[in-house]
Amino acid sequence: MEETKTAEPSRRDFLYVATVSVGAIGVALVAWPLIHQMNPDAAALALATTEVDISGIEPGMAVTVKWRGKPVFIRNRTDAEIAEARAVPLADLKDRDARNANLDGGADATDENRASGPDGRFLVMVGVCTHLGCVPLGEAGNFGGWFCPCHGSHYDTAGRIRTGPAPQNLEIPVLDFSDSMLRIG
Amino acid sequence: MRRGWGNRAAAGTLAVLMGLGLTGREAFGQEGDAEAVDPPPDIVVEREGEGEHAGEDDHGTPHYPLEKPERIAWSFDGIFGTYDAAQLQRGFQVYQSSCATCHGLGRVAFRTLAEPTGPYLSEEAMRAIAAAYQVPDDDTGELRPGRPSDYFPAIAPGAAGFAAVPPDLSLMAKARGVSPGFPGWLIDGIIPYQEGGADYIYSLLVGYHAPPEGEEAPPGLFYNPYFVSGAYIAMPPPLFDGAIPYADEAIPETVAQYAEDVAAFLMWTAEPKLTDRKRIGFQAMIFIAVFATLVFFTKRRVWRGVEH
Amino acid sequence: MDLHALTPYTPRSRPARWLERRLPIVGLVHSSFIAYPTPRNLNYWWTFGGILTFMLAVQIVTGVVLAMHYVPDATLAFDSVESIMRDVNYGWLIRYIHSNGASMFFIAVYIHMFRGLYYGSYKEPREVLWILGVILFLLMVATAFLGYVLPWGQMSFWAATVITNLFSAIPVIGEPITTWLWGGFSVDSPTLNRFFSLHYLLPFMIAGVVVLHIWALHVPGNNNPLGIQVKSRQDVLPFHPYYTSKDGFGLALFILLFAWFVFYQPNYLAHPDNYIPADPLQTPAHIVPEWYFLPFYAILRAIPDKLGGVIAFGGAIAVLFFVPWLDTSKVRSARFRPLYRQFFWILVATCIGLGYLGSQAPEGGYLLASRILTAYYFAHFLIIMPLLGFIEKPKPLPTSISQPVLTPGAAAAQAPPGAH
């Protein structure tokens, strides 16, 4: 053994290193399918769309639908709520990003950029608190919007975070209004 | 002495593995038997045809099918096989025209029709096909136009006019296989032949004949020597020359062509990941072979100068 | 020769010394898999122990992954397996590895067992090692059977029905035991659910017994192709790098074969009928078990009596427990046992023959052949093995492992190279 090492150290080292490296690469390649299998499967990805009939939702009414396993709040806001939301200056907001999947990133969190549907009456957003994932309560909190009971985050009537630990405005999913139908996702 | 057993051992390993595989492969013999190509006439009895598995036989072990399926050269056979999207699209057309009334395709989602390794329909075409079907909604249970995430609807009992529901075709190409007997299966393992199901479907569809002389088809049954569980099958011949117009005029509109296309389509419904499997498999085999070579030289290096 | 590698582990760094005083696990690994003195003449048949360990790991890893997607319910099991095959990311790959892995596991274990039989690895002082091996085989058989039921295809269902009905052959308590196994009056969801639970449990029991098996190996040390005891340092090599590299090469070739099945013949060793969902109202025309059970299945069917068949079936495995005492010869390796070597190959042929017969319909000539081979199988262990020790004249043994190796002339005179 010792002779072998001294005779051709570089070749032996290269062979060793190459073998162990290829083996390690092989293990890494096999690891990927074992990890990736836990990601959403093709059937789950295909179920990414939900359709809702919104014709029955009068001003002041709200419905909650399930989309990708999460609640989506659909609220036809009252005029007062809309006015209140529009009056808030951007400077007062904790998160100034619209968080609207229908707009390019970086849009301001104005009510116009958050609202949707005919005349911007509707507010459709994922009902999951951006803090730690609880579902906020509607028409509650210091700003008349939503209030998360878990850790006390207050959202206004445009679903924007105003006070509390949550870092971001409630997320707005991809929406498509056509007549009385709303497609989410 | 020194290397006698060791080297022979290495060389013999494969042979032993094959030997063990031999006993296993015979498990395939269940639907067809090596020695049974020409069974004595008294075994050819009338069969119930409605299920593809026609139950027990009072006359000893049945030796069906009477004839082995014909082997077709498929685009998806061999080590580099891939599905031919155009053929799968034609096959789907045949399925819709001639099979869908009676046979469901319940494990196939509409979305998969657009997969690049499958029929590769355009997104719009796929959505249009989905929307043409009425499927029950998961939440409400009411019928609504299908969406990409939905599956081909099942055939309701009685809907096709049969007492029993004809079998779903999603997995048919993997649920049928006729052993070629010894030593054919051994060669099949190496070729590698794994298209027995597609060949079976093809042969069954082109295999309707008049019954042999002196025999008469029982009412409502049809003679088909390729049928796996009897000489007579309840399914009427589903394909006729020219019955289905193909968009591509270069493709003949014959029963044989229809049968080949729909068999390829059903192979895809049964094994939609076949193209991926063969592609990844080739890369994996090369990688492992390289690794094995490296380990071999490392081993030889380590053992050099060691008497053993 | 790298003799210093045979020396015990001495921790060099401070943290290593700290750990070693509290939990000498590095030293244990070192003495078991690095410095472990291994006979220098092991051939490639000895690589299957490592291959089996690898296969156990593969089956546990892929099995845990599959359990994340599988649903053990009679109405959903088949669908969940199909969703693994179609929708789960790389699900088809993981499932084909797992289902073909079972076959590869059995290929390896049968080679491993026949190697033990050929070289007399079960003889004093390795009886406990052998018995633990037979226990491992029994656990493997149980695990493979339980796993085969899970896809809930026609073959799964009818395999479960037939095998659980074996227990009904037991007098008096047979019926209640069968009902208890089923959790109902036939194989159904409760059966499937408990089979899934046990299928998940048993591999970890196998892993535990594997530890005992390796322990029982490392106390007396490896047997070797000559079947003689290690006498000096000259006879052994440290396990690493000599046998890590040799096992590694054997394993790499084995993985190549494994990959062939997974990627190019994933259903070759399986049965088409298992792609038909379970139907309790219709038995497939022929039911046969997976290939690795076929010899035992042939023995079961060879006996024209329900209880007798079950006893023969169990006895075929149980007889292996007694092999260390049924073999009366003092010589271990078949290399030096001209008669035993011939009977060994007849036994191999018998087992392959039984496997073939197990796949055929139990009638006519097949049935007669099954009976002859079954009788021979038991005769091999119960009559031939004990008698051979008395009538066979073994060839002279070499004085040590290193002696025939280091002086080829002497080896040629004393032990002709594996001639047969």
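Two strands are said to pair if DSSP finds at least two bridges between them. Helices (H or I, at least four residues) and strands (E, at least two) are DSSP runs, numbered from the N terminus. This is a predicted model, in which local features need pLDDT of at least 70 and side-chain atom pairs count only at pLDDT 80 or more, while totals for chains, interfaces and linings use all residues; side-chain values use heavy atoms, with hydrogens and water left out. Residues are numbered from 1 along each chain as its sequence is written, and chains are lettered from A and ligands numbered from 1 in the order in which they are written.

**Stop 1: a hairpin in chain A**

Select strand E9 (residues 175-178) of chain A together with E10(A); the two pair in the antiparallel sense over four bridges. They form a hairpin with two residues between them. In the turn, Asp179(A) has a positive phi of about 50 degrees. Ser178(A) stands opposite Met181(A) in E10(A).

**Stop 2**

Next, select the four strands that form an open sheet in the order E5-E6-E7-E8 of chain A, with antiparallel pairing. E5 and strand E8 (161-163) of chain A stand at the edges with a single partner strand each, so one side of each has no neighbour in the sheet. Two bridges join E5(A) to E6(A), and Gly138(A) has Trp146(A) in E6(A) as its bridge partner. Strands of a sheet pair through backbone hydrogen bonds, either parallel or antiparallel.

Show the side chains of Cys134(A) and Cys150(A), which are joined by a disulfide with an S to S distance of 2.0 Å. A disulfide is a pair of cysteine sulfur atoms within 2.5 Å. A search of the whole structure finds one disulfide over all chains. The torsion about the S-S bond of Cys134(A) and Cys150(A) is about -95 degrees, so the disulfide is left-handed. The pair links distant parts of the chain, 16 residues apart: Cys134(A) is in the loop between strand E4 (122-126) and strand E5 (137-138) of chain A, and Cys150(A) is in the loop between strand E6 (146-148) and strand E7 (153-155) of chain A. Cys150(A) is partly exposed, with a relative accessible area of 39%.

**Stop 2: chain B**

Move to Cys99(B), which is in no disulfide; the nearest cysteine sulfur, that of Cys102(B), is 8.9 Å away. Cys99(B) counts as buried, at 12% relative accessibility.

Then select helix H8 (residues 274-303) of chain B. This helix of 30 residues reaches 42 Å from its first C-alpha to its last, close to the 44 Å expected at 1.5 Å a residue. The expected span is 1.5 Å times one less than the number of residues. After H8(B) comes Gly305(B), with a positive phi near 80 degrees.

**Stop 3: the largest pocket**

Select Leu47(A), Thr49(A), Arg144(B), Arg147(B) and Ser149(B), which lie nearest the centre of the largest pocket among its 44 lining residues. On a 1 Å grid over the protein atoms alone, a pocket is an open set of points with protein on both sides within 12 Å along at least five of seven lines, a cavity is a set of points where a 1.4 Å probe fits but cannot get out, and lining residues have an atom within 4 Å of a point. The largest pocket holds about 1,500 Å³ of space; grid points are joined across faces, edges and corners, and a volume is the space filled by probe spheres set on the points. H3(B) supplies the largest share of the lining, five residues.

**Stop 4: the largest cavity**

Finally, turn to the largest cavity, with a volume of about 830 Å³. Of its 41 lining residues, the closest to its centre are His98(C), Ser99(C), Gly147(C), Tyr148(C) and His199(C). H5(C) gives the most to this lining, with nine residues.

Definitions and conventions: Buried means under 20% relative accessible area, exposed over 50%, partly exposed in between (1.4 Å probe, protein chains only).
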